[in-house]
Amino acid sequence: MEYKFLPTIHDPAALKSLSLEEISALAAEIRSFLCENVTKTGGHLASNLGVVELTIALHRVFDSPADHILFDVGHQSYVHKILTGRLADFATLRQPGGLSGFTKPSESPHDPFGAGHSSTSVSAALGFAKADRLEGSDKHTIAVLGDGAYTGGMVHEALNNCEKDLNLIIVLNENEMSISHNIGTFANQISKIRSSKSYFRTKQRITSAVRHIPLIGHMLFRRIVKAKKIVKNILYGSNCFEELGLYYLGPVDGHDYERLERVLTQAKRMGQATLVHIKTKKGKGYAPAESEPAKYHGIPPQGKSPAANFSAAFGEALVEMAKVHTDICAITAAMSDGTGLNRFRETFPSRFFDVGIAEPHAITFAAGLAANHFKPFVAIYSSFLQRAYDNVLHDAALQRLGLVLCIDRAGLSPADGPTHHGIYDVSLLNTVPEIEIYTPYTFEKLRVCLEQAYANGRLAAIRYPNGPNPAADMFTERGWLRYDFEGRQPKRIVITYGSIVREALAAKAESDFGIILLEKIKPYEAIAKEIETILPDDCQKIVFLEEGVYNGGAGMILKNTLHTKAPFEIVAIKDQFGEGHLGETLYETCGISKKQILEALK
């Protein structure tokens, strides 16, 4: 497409002079640009195609960055990035050191709050709005909530904490989530009336007139409001948002630009906390994404087709186990596709549970199943498990319940960045008494770990990366270890676990040392004894390599557990979040690449 308007938008102020016809043309250009670029870089396509009109309207009605626009999760912020001066950087989207796939304050003043995990926007927006009120500011704060985020418990905690007299606007973008029952012809006509200028003018005049009636004005007004509410609930359906003190506008077609802008303008004028309910279509304007929005929610970069990975291997293995063991259940927090559980859901629908974006609930729900004689397997990304630490410790571990945490996406995440790095789970789980932690290297070992965790009946965690089945023929397998020095006695040893072993293998091409690969790390005492059985007697140096944080990691514990006189050095991620730099791998940025391995071995 020839881009006429898109190159002229360097900041949101440029939008305010455009006519409605020009806005329509700009929306078409943005959709074309997204399809052209995101299919190359990879990223969240369908959800961003669905919020084109909404994002344009937000920036036309409000004044960013003076007004605060917060996108929940942040993966629906691509259009926002385009309109706030980041168009030229789109070729670097989701590359280490490039444009983030989420909102990021260090990237632009138009990103007031960082995101990457779901359901945080309303809590943060409430903080912004209350801060503005304390300062006497009339700025507006807008939380854009959608694409499943409403299922997260934090949203409801924040809604319960809202106050009426705040310049807070919550845009609830319902894109096929079916959270609302009052959508239909009658409700749609009512919403049009309630969002019109004449409705608000009439309402204000009547309110003023009734309240000024001598003696009985205020009492009469309260009774009218109560009667109106009863009639509205009968004809229109009750509304939980208004029960919480929010003024409700909607539902509104999120692709009807003129009406959408009018409703947002009215919300801005309300002077009170308001919820604007819109309905959009994921993938809008791109036929393949419209017909299969889940498939185009997150797409790989051009030329990289999805291959068999640990998630799929986990899902297949669990299905086969569930055919034999009828007490096995599978639980996910709105990630059945990402965690490989789609086939389980289809094969055993009564034993599959998607609890929505509610990771703490997922763990405690699993604990309840386990306490009542079932064997729950909870599939959860490493970075999302962080949200449920208390539930693991208090509800599962303390009661010694035999649920299994299947921790997907373990390790660094080059595309999604710091919000999705799976580098904290080992340190977190190391503090949990009696938990077993498995770290399978191959698909085959993953199946063994799943079966072992089921048979043991104790709280267990199985962590695995987002990647294909690696070659393992260079290793000798022995119990929970693999090693590559059978028949010889290397004087230097690298001990590691997970897919970062490839950095050790790359370093080995330039130096001579042995590698011990762990496929279980906790209980550490037992693993240390296994290591000691193969550790060369005259070992002169041990380097522990870890794709995780240094503090509280496996290296620190093994250093104090392993009985050896050899100097022990740890190569792990020290005191940083893993921010990427263009031109570097994340291993290099985090100081855990082959360079640091070779330096530590000296």
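Axes are lines fitted to C-alpha atoms, for helices over the stretch in contact, and angles run from 0 to 180 degrees between N-to-C directions. Helices (H or I, at least four residues) are DSSP runs numbered from the N terminus. Residues are numbered from 1 along each chain as its sequence is written, and side-chain values use heavy atoms, with hydrogens and water left out. Because the model is predicted, local features need pLDDT of at least 70 and side-chain atom pairs count only at pLDDT 80 or more, while totals for chains, interfaces and linings use all residues.

Angles under 35 degrees count as roughly parallel, over 145 as roughly antiparallel, 65 to 115 as roughly perpendicular and the rest as oblique. The crossing of α13 and α19 is right-handed, meaning that the near helix is turned clockwise from the far one by less than a right angle. Contact (heavy atoms within 4.5 Å) involves Phe310, Ala313, Phe314, Ala317 and Met321 of α13, which meet Phe443, Leu446, Arg447, Leu450, Glu451 and Tyr454 of α19. By class, these residues comprise nine nonpolar, no polar and two charged. Here Ala, Val, Leu, Ile, Met, Phe, Trp, Tyr, Cys and Pro count as nonpolar, Asp, Glu, Lys and Arg as charged, and the others, Gly among them, as polar.

| Helix pair | Axis distance | Angle |
|---|---|---|
| α3 (residues 52–61) and α11 (residues 257–269) | within 9 Å | roughly 40° |
| α15 (residues 359–371) and α17 (residues 389–397) | 9 Å | about 10° |

Helix α3 is oblique to α11, and their crossing is right-handed. In this contact, Glu53, Leu54, Ile56, Ala57, Leu58, Arg60 and Val61 of α3 meet Tyr257, Leu260, Glu261, Leu264, Thr265 and Lys268 of α11. The contact of α3 with α11 has eight nonpolar, one polar and four charged residues. Arginine 60, a residue of α3, is buried at 14% relative accessibility; buried means under 20% relative accessible area, exposed over 50%, and partly exposed in between (1.4 Å probe, protein chains only). Leaving aside residues up to four places away in sequence, arginine 60 touches Leu15, Lys16, Ser17, Leu18, Leu20, Ile23, Tyr257 and Glu261.

Helices α15 and α17, by contrast, are roughly parallel to each other. Pro360, Ile363, Thr364 and Ala367 of α15 and Asn391, Val392 and Asp395 of α17 make the contact, which has four nonpolar, two polar and one charged residues.

Lysine 104 lies in the loop between α4 (78–83) and α5 (121–135). Lysine 104 is partly exposed, with a relative accessible area of 23%. Apart from residues up to four places away in sequence, lysine 104 touches Asp111 and Glu579.

A search of the whole structure finds zero disulfides, a disulfide being a pair of cysteine sulfur atoms within 2.5 Å. The cysteine sulfur closest to that of cysteine 329 belongs to cysteine 406, and at 13 Å it is too far for a bond. Cysteine 449 is likewise in no disulfide, with the sulfur of cysteine 406 the nearest at 10 Å. Cysteine 329 is buried, with a relative accessible area of 2%, and cysteine 449 is buried at 0%.

How values were computed. Helices (H or I, at least four residues) and strands (E, at least two) are DSSP runs, numbered from the N terminus.
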